[in-house]
Amino acid sequence: MTYRTIDRQETKGVDRVTVKHIHQQGVDTYLEDVRKELQSGSYLPSPARRVWIPKPGKSGEFRPLGVPTVKDRIVACAVKQIIEPLFEAMFYHVSYGFRPGRGCHGALEHIRRAIGSRKTAGDGKRHTFPCPWVIEGEVKGCFDHINHHQVMERIRRRSADRKVNRILLMFLKAGILSEDRFIRTDLGTPQGGILSPLLANIALGVIEEKYIRWVHQNMSKADAMQAAKAARATDRKAGRPVFFPIRYADDFVILVSGSCEDALKEKEALTRYLKDIAKLDLSQEKTRITAIENGFEFLGHRVRIVWDNRYGYSPRIEIPKRKVLDIRYRIKQLTTRGTTTWSLAKLLRKMNPILRGWANFYRFCAGSKTILCSIDWYVGDRLRRWMTKKYSKADSREIFRSLMRIRGRRIWHDGKEEQFLMWRLKVERYDLRWVRRPDYAMIFGEPDT
């Protein structure tokens with residue numbers, strides 16, 4: 001099999017039609033033709049074109065990506081606008097992946113709050129924590145193994161529109177065209193499809209339902225989450241194990257208030273439950289039980305409990321060391337001798353988006369200001385070395401004429417392009433109040449109301 005990487009501009013489906021072609025043809029005319037197909041019932045989704053993209057941070061490994069046609073993207077987007085409000089009202093507050101107004105930082109902050117203790121001893125310090133163990137879980141090949149019958153059964157419970165349900169089933173059965181070979185899709189939904197994240201959340205909602213007692217009590221009142229919180233406290237006092245899940249798409253953690261044996265039993269029970277209910281398997285390589293004191297990585301961050309002489313045991317979200325090494329390696333690769341043919345402006349245009357994205361992603365971590373400042377120094381040093389290689393015969397004073405001072409710091413610049421300084425970003429703790437549900441999902445009572 002030939003592996004190809006997809007370019008950002010390469011968005012053609014199997015019909016080779018692009019958005020540019022549609023603009024040339026006429027957008028109104030094209031949309032009217034699609035509308036007539038949907039009204040007459042003659043619309044039929046095309047197979048998704050499969051391409052392979054490299055997995056970030058995993059050299060030599062690739063991930064399949066399905067590229068649907070423009071027509072299918074238009075219809076899928078319209079269908080999503082219809083059914084997403086129905087399921088947003090049903091999804092639980094511990095689910096964060098691929099949902100409007102939610103993201104990985106909200107999931108991490110939720111974990112940080114859940115593993116922190118509010119009980120203090122006589123010295124005013126916290127000497128215990130409520131969840132000594134955590135089950136790190138990931139569904140094996142989630143998008144490739146979603147059971148069509150199971151997910152459609154869950155959809156039909158919320159959506160009674162037969163036409164919409166029929167189109168959803170056609171998208172699931174559309175198939176894949178890979179290397180000029182048609183592949184039937186009896187299972188799964190292609191990664192890259194507009195509906196795929198929503199369908200995955202619908203299928204994986206069974207995880208939260210298993211722990212409904214400690215997540216969201218089935219009540220007709222608006223304080224269902226408070227009732228679940230009270231149930232967790234009651235079970236802890238009674239010495240019963242408590243399991244609290246927090247999920248981001250097919251990655252999840254289950255915080256265990258109990259012993260290691262309770263965590264082992266629950267891992268086996270969850271494996272059987274997912275196999276029986278959702279026809280999905282847990283990845284045995286990536287599903288493990290970890291002591292919260294040792295810490296674990298989730299969504300590219302490190303979560304652990306540390307001892308603070310002022311407050312006792314405190315939960316922290318930190319930047320993993322390997323992520324710092326990764327960003328330094330990327331900077332180093334951009335400033336090798338092979339890139340000295342570029343202008344400084346071109347180098348800064350390629351480097352700044354990497355620095356800006358990395359800094360914004362990790363600015364909510366504990367101790368991130370120190371790390372951001374150290375990377376700023378490393379970038380400046382690598383640029384100085386790069387300029388020395390580029391102008392090997394120039395005097396160092398001539399090279400440093402490209403520097404200018406901003407707030408007491410010297411940064412490299414070339415015309416309008418300036419080095420992005422990470423330390424200037426505001427570093428703060430993520431606030432769960434920033435997580436906002438869309439207006440159409442604001443209901444009262446239980447999720448299934």
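Tutor: The sulfur of cysteine 365 lies 9.4 Å from the closest cysteine sulfur, that of cysteine 104, which is too far for a bond, given that a disulfide needs two cysteine sulfur atoms within 2.5 Å. The model is a predicted one, and it holds 0 disulfides. Cysteine 365 counts as buried, at 4% relative accessibility. Cysteine 373 is likewise in no disulfide; its nearest cysteine sulfur belongs to cysteine 365 and is 15 Å away. Cysteine 373 is partly exposed, with a relative accessible area of 30%.

The setting comes next. The largest nonpolar core has 107 residues, and the residues with the most contacts inside this core are Val151 and Trp358. Leaving aside neighbours within four places in sequence, valine 151 is in contact with Ile146, Leu172, Leu199, Ile202 and Ala203.

A pair of aromatic rings is described by the distance of the centres and the angle of the planes. The count comes to 12 aromatic pairs. One of them is formed by tyrosine 43 and phenylalanine 171, with 6.4 Å from centre to centre and 55 degrees between the planes, a tilted arrangement. This pair links distant parts of the chain, 128 residues apart: tyrosine 43 is in the loop between helix H2 (27-40) and strand E1 (48-54), while phenylalanine 171 is in helix H7 (residues 162-172). Both tyrosine 43 and phenylalanine 171 are buried.

Phenylalanine 98 and tyrosine 248 form another tilted aromatic pair, at 6.0 Å centre to centre and 45 degrees between the planes. Here too distant parts of the chain are linked, 150 residues apart. Phenylalanine 98 lies in the loop between helix H3 (70-88) and helix H4 (104-115), and tyrosine 248 lies in strand E6 (residues 242-248). Phenylalanine 98 is partly exposed, its relative accessible area being 44%.

The charged end of lysine 210 sits over the ring of tyrosine 273, 5.8 Å from the ring centre. The charged end of arginine 328 sits over the ring of tyrosine 378, at 4.6 Å from its centre.

Threonine 29 has its place in helix H2 and is partly exposed, with a relative accessible area of 43%. Between threonine 29 and arginine 363 there are 334 residues in sequence and 47 Å in space, C-alpha to C-alpha.

At the level of the whole protein, there are 15 helices and 14 strands. The C-alpha atoms fill a box of roughly 75 × 75 × 40 Å, taken along the principal axes. Of the 449 residues, 46% count as buried. Among contacts between residues at least 6 apart in sequence, 70% join residues at least 24 apart. The protein exposes about 24200 Å², of which carbon and sulfur atoms supply 50%.

To return to the request, the structure holds 0 disulfides: cysteine 365 is buried, and cysteine 373 is partly exposed.

Definitions and conventions
Residues are numbered from 1 along each chain as its sequence is written. This is a predicted model: local features need pLDDT of at least 70, side-chain atom pairs count only at pLDDT 80 or more; totals for chains, interfaces and linings use all residues. Side-chain values use heavy atoms; hydrogens and water are left out. Rings of Phe, Tyr and Trp (its six-membered ring) pair if their centres lie within 6.5 Å; planes under 30 degrees apart count as stacked, over 60 as edge-to-face and the rest as tilted. Helices (H or I, at least four residues) and strands (E, at least two) are DSSP runs, numbered from the N terminus. Buried means under 20% relative accessible area, exposed over 50%, partly exposed in between (1.4 Å probe, protein chains only). A charge sits over a ring if NZ of Lys or CZ of Arg is within 6 Å of the ring centre and within 35 degrees of the ring normal. A nonpolar core is a set of buried Ala, Val, Leu, Ile, Met, Phe, Trp, Tyr and Cys residues joined through side-chain atoms within 4.5 Å. Contact means heavy atoms within 4.5 Å. Accessible areas come from the Shrake-Rupley method with a 1.4 Å probe; for residues, only the protein chains shown count as cover.
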